[in-house]
Amino acid sequence: MSYYKAETVREAASGNWLFIVSALAPHAEEALKRPGKHVACPIHGGKDGFRVFKKDFLETGGGYCNTCGPRHDGFELLMWLNNWSFKETLAAVGEFLGVEKQLTWKEKKQQQNNARPQQRQRQVACAGGGAAQESVIPIPATPHVQPEPEPVQDGAASEDSKVIPLLMQKSKPWLMELQEEMERRAERQRKYSARLHEKITQIWEKECLPLSSECNEPVRAYFQNRGLVFRWNRIEESDSLRVHPALSYFDEDGNEVGKFPALVCAIRDKAGQVITLHRIYLTQTGKKARVPEPKKMMPVPDDLKVTGGAIRLGEPKSGIIGVAEGVETALSAFKATQIPTWATVSATLMEAFEVPEGVHTVLIWADKDKSLTGQTSAHALEARLKQEGIKATVITPKLPIPKNGKGVDWNDVLISQGTEGFPTAQRIYASLFGGYAYARA
Ligand SMILES: [Zn+2]
């Protein structure tokens, strides 16, 4: 029995999901006609419980049901919409696109036995709405090539797939229009993403200077105002903090408001690659700059993922690392414990934090928010790490939240109480290993 190879069908489907889902799941058409907009869920009904991804639906075929969560790609989406198994979905999509089936080992062997050595040409056609490519690759004669007239091409889509857009155009004119519009949008997105990569590299590699440079005065003053005075050599080991002498600040409409000195922080993924930059805009005297959002993260290029990443402040040496939301909070914990503590920038990213190789213990320095956001994320991270077999404990400030404040964090503790406001190493170890284990250690 020949079969469809998932990888091949997926490749052929990329860029064609609008046609595919429209044909195989007509009940999702309302969502297809308005990508990114919330519409009645094809499964649950209602008013606005479902949407297909605006940015990359053509390529991925994914969507989101408010009740069931994300369907990451078109296969998941069709399985869910049609109550199909993966195999059924693969076959339906493969057939729709005219993807060539794969031969089983037995069938191949059979063909080889029948084969006579001869020169032949192989055509490779890619399924892609109108953008199909053809190349002719002469294959040298070998005794193992199957014969004409019907060469079976491992994994290549047939010419039939080009017919799809034409058929579609006749039956559903709106579909072609939408396809073109979405292709244009995807192209704009690709260009934007490429520019973003350049921008990030430009700022980080060419415009920023090390903390030890002379123009670092605003950053030094900012840290001093936050009670963060220490030797930076251990922090600088992981090269995640740099200073920008005059970084442009843009408002929401993209207009440049002015240039400010800034602390620029690299958010790196688990492998250490720079994903994007976090910026803290400052005045010359080390206050936060008077702009609507003095702390801003740059967008994340399409092909990268910021989840799991962090601003690395020092390298963990003995398998223990701390993690906190803000850079200031993380540095406060470092000052108090001398344990390298990384910053995840936000509560969302804290929840998703991925522990670097070789780390067995994580101290989670929670923000104490009135809204409980910080604590909730800290405990969610703790629970996940424990499941992964990593020792973890959440440490929350005892300091009360001021009446008019949104919350307190460990930098507030450092400023008001100094390092004495932090739990002792003994207390931390006790909460990680239990009192008995600590006594034994
Ligand atoms: Zn739903």
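# A guided tour of the chain

Begin with Asp 239. Asp 239 counts as partly exposed, because 15 C-beta neighbours lie inside 10 Å, and a residue is called partly exposed when the count falls between the exposed limit of 12 or fewer and the buried limit of 20 or more. The model is predicted, so keep that in mind at each stop.

**Stop 1: two loops**

Stay on Asp 239. Select the loop around it: Asp 239 sits between helix H11 (233-236) and strand S8 (241-250). Check the backbone here. Asp 239 is not a glycine, yet its phi is positive, at about 45°. Most residues other than glycine have a negative phi.

Now jump to Gln 338. This residue is in the loop that runs between helix H12 (327-337) and strand S14 (341-343). Gln 338 also has a positive phi without being a glycine, with a value near 65°. Is Gln 338 buried or exposed? Gln 338 counts as exposed, because it has 12 C-beta neighbours inside 10 Å.

**Stop 2: the whole chain**

Zoom out. The chain has 441 residues, and 33% of them are buried. Colour by secondary structure. There are 17 helices and 18 strands. Now think about contacts between residues at least 6 apart in sequence. Of these, 60% join residues at least 24 apart.

**Stop 3: the largest nonpolar core**

Nonpolar side chains tend to be buried together in soluble globular proteins. Here, the largest nonpolar core holds 58 residues. Which of its members touch the most others? Select Leu 263, Ile 311, Val 323 and Ile 364. Next, select strand S9, residues 256-268. S9 gives this core its largest share, seven residues. Then colour domain 2 (192-306) and domain 3 (311-440). Each of these domains supplies at least three residues to the core.

Centre on Val 323. What does Val 323 touch, leaving out residues up to four places away in sequence? Select Ala 310, Thr 341, Trp 342, Thr 344 and Met 350.

**Stop 4: Trp 17**

Select helix H2, residues 17-24; Trp 17 lies in it. Is Trp 17 buried or exposed? Trp 17 is buried, because 28 other C-beta atoms lie within 10 Å. The buried limit is 20 or more.

Now show what surrounds Trp 17. Setting aside neighbours within four places in sequence, Trp 17 is in contact with Phe 57, Leu 58, Thr 60, Gly 61 and Gly 74. Draw a distance from Trp 17 to Leu 58. The two are 41 residues apart in sequence, but their C-alpha atoms are 5.1 Å apart in space.

**Stop 5: helices around H6**

Two packed helices are described by the angle between their axes and the distance between the axes.

Select H2 with H6. Their axes come within 11 Å and cross at roughly 115°. H2 is therefore roughly perpendicular to H6. The crossing is right-handed. On the H2 side, show Ile 20, Ala 23 and Leu 24. On the H6 side, show Ala 92, Val 93 and Phe 96. These residues make the contact.

H1 covers residues 6-13, and H6 covers residues 86-97. The axes of H1 and H6 come within 10 Å and cross at roughly 55°. H1 and H6 are therefore oblique to each other. This crossing is left-handed. Which residues meet here? Ala 6, Val 9, Ala 12 and Ala 13 of H1 meet Leu 90, Val 93, Gly 94 and Leu 97 of H6.

**Stop 6: two helix residues**

Select Glu 76, in helix H5 (residues 74-82). Glu 76 counts as partly exposed, because it has 17 C-beta neighbours inside 10 Å. Glu 76 and Phe 86 are ten residues apart in sequence, and 7.8 Å separates their C-alpha atoms.

Finish at Thr 373, in helix H14 (residues 373-387). Thr 373 has 18 C-beta neighbours inside 10 Å and therefore counts as partly exposed. Along the chain, Thr 373 and Ser 346 are 27 residues apart, and their C-alpha atoms are separated by 9.9 Å.

Technical notes:
Residues numbered from 1 in each chain as written. Predicted model: local features only at pLDDT ≥ 70, side-chain atom pairs only at ≥ 80, totals over all residues. Core = buried A, V, L, I, M, F, W, Y, C linked by C-beta atoms within 7 Å. Helix = DSSP H or I, 4+ residues; strand = E, 2+ residues; numbered from the N terminus. Domains from an automatic or database assignment. Contact = placed C-beta atoms within 7 Å. Axes fitted to C-alpha atoms, helices over the stretch in contact; angles between N-to-C directions. Parallel < 35°, antiparallel > 145°, perpendicular 65-115°, else oblique. Left-handed = near helix turned anticlockwise from the far one by under 90°.
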